[in-house]
Amino acid sequence: MVEWIEACGADDVDEEDVIRFDHAGKVFAIYRSPDDRYYATDGLCTHEQISLADGLVMDDIIECPKHNGRFNYKTGEAKGAPVCVNLRTYAVKLENGAVFIEV
Amino acid sequence: MAQSVTRDYALLGKSSEAALANGLAAAEWYHSDVERKAMKALMQRSDGPAIRDTVIWLGAMLVLAVAGVLLWGSWWAVPVFIAYGVLYGSASDSRWHECGHGTAFKTRWMNDAVYQIACFMIMRNPVTWRWSHARHHTDTVIVGRDPEIAVMRPPDLARVVLNFFGILDAGHAVRDMLRNAAGNISKEEASFIPEMERHKVIRVARIWLAIYAATIALSLWMGSILPLMLVGLPRLYGAWHHVLTGLLQHGGLADNVTDHRLNSRSVLMNPVSRFIYWNMNYHVEHHMFPMVPYHALPQLHEMIKHDLPAPNRSIWAGYREMVPAFLRQLRNEDYYLRRELPVTAQPYKEEFHNGGDAVAAE
């Protein structure tokens, strides 16, 4: 069943950055883009399950901190070796200064 | 309990199976605490330093190549080719490495272009070695898992010495290139290269084979070794510096641990070696935070040195501790150099380290 979950406050994420959100045994990554929009993906790299929240956000790219695998966090697209499997993305909405993701 | 089983470095061997079974493979590794904002600042990419260094690197190679051709036949060509060889056969090692991580340049195509050029010079298939290096970072010096362990135990010192002149490594590289060009991916390669990437291994091998064939044909046509002195042979006569520095990365230190402070070595080096090596002398720092570009590693070192073993003060100091350790490992392969942490450091993650009674340096 689809439900909206409050992940964090809007100000908890810096611009062009990412934080980790754990919910129901799953890890998510919540992004704030340079143009101040919010996005959400699975929080672990599809290559070796490293937390992407320790990685680097550059424009619309998240780079994994372990092997530098790159994804487009807006679409989840894997951008080349060593990542080959796309990230799952989640719908996001802002309400009353909080970030909600649809899981 | 003693390390009773002889190390099996094969990627599909018994040590690999053991590492998978006991949690050493793909384990969680120790990281020094660095505040997120500071780490973000360190990780930021820029093109400036790498463009500057690449212009110097390739520009110097071009000048030296022209000088080498003009001076060919005289003794003046010797120092010219020594310098050219180091830039070709050693600086390419660090460029391959840093551009493989994608951290040298901010602009992606620049990383990729320098990566391809450096891979050709160092004779490492850009696809195969991208995957092998990913494994090296996942399972650093985990026996049977890490495909890039330079000195296995007990050390094969003859192999180490020969590789100062690239002899065995280049021989293996040629053999692999020929095999890949024939469309063959080995079982070991297949263990870390996904199927969807394997056709790229073969394509690159065929392009390289064509380049080497053309160079050899030109040499035969000219009746001179000169073309090969510029393309191919520098991987042999210029390899010594990357082996000199590369052996220090992990040589003589612990294996099968999950803390880079135990199995990696940072060494303070002279500016010329640091240019050739692109700051990989800060090797503990690099392994702990591979997202940090080479030009920011000195800053990272300053930030976390309170949590790291003291770096060796020079290449010479590194060899003074490493070579005796190699010699002792000839008699006892369980011997290793145990790193001492400063009192300000977080403790070692001991659970694997105390599992055996391997003999550490005092």
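Mentor: Start with the record. An unreviewed UniProt entry annotates residues 55-87 and 207-230 of chain B as "transmembrane region". Positions are in the numbering used here, names are shortened, and annotations may be inferred rather than shown by experiment. This is a predicted model: local features need pLDDT of at least 70, side-chain atom pairs count only at pLDDT 80 or more, and totals for chains, interfaces and linings use all residues. Residues are numbered from 1 along each chain as its sequence is written, with chains lettered from A and ligands numbered from 1 in the order written.

Trainee: How much of residues 207-230 of chain B is helix?

Mentor: That span is 88% helix and 0% strand. Helices are DSSP runs (H or I, at least four residues; strands are E, at least two), numbered from the N terminus.

Trainee: New topic. Which residues of H6(B) are buried?

Mentor: Among them are B:Asn111, B:Val114 and B:Tyr115. Buried means 20 or more other C-beta atoms within 10 Å of its own, exposed 12 or fewer, partly exposed in between; C-beta atoms are placed from the backbone.

Trainee: And what comes just after H6(B)?

Mentor: B:Met123, with a positive phi of about 60°.

Trainee: How do H7(B) and H11(B) cross?

Mentor: At roughly 130°, with axes coming within 7 Å. Axes are lines fitted to C-alpha atoms, for helices over the stretch in contact; angles run from 0 to 180 degrees between N-to-C directions.

Trainee: Which residues meet there?

Mentor: B:Pro126, B:Val127 and B:Thr128 in H7(B) meet B:Lys200, B:Val201 and B:Val204 in H11(B). Contact means C-beta atoms, placed from the backbone, within 7 Å.

Trainee: How many residues does chain A give to the contact with chain B?

Mentor: Chain A gives 13 residues and chain B gives 17.

Terms used. Contact = placed C-beta atoms within 7 Å.
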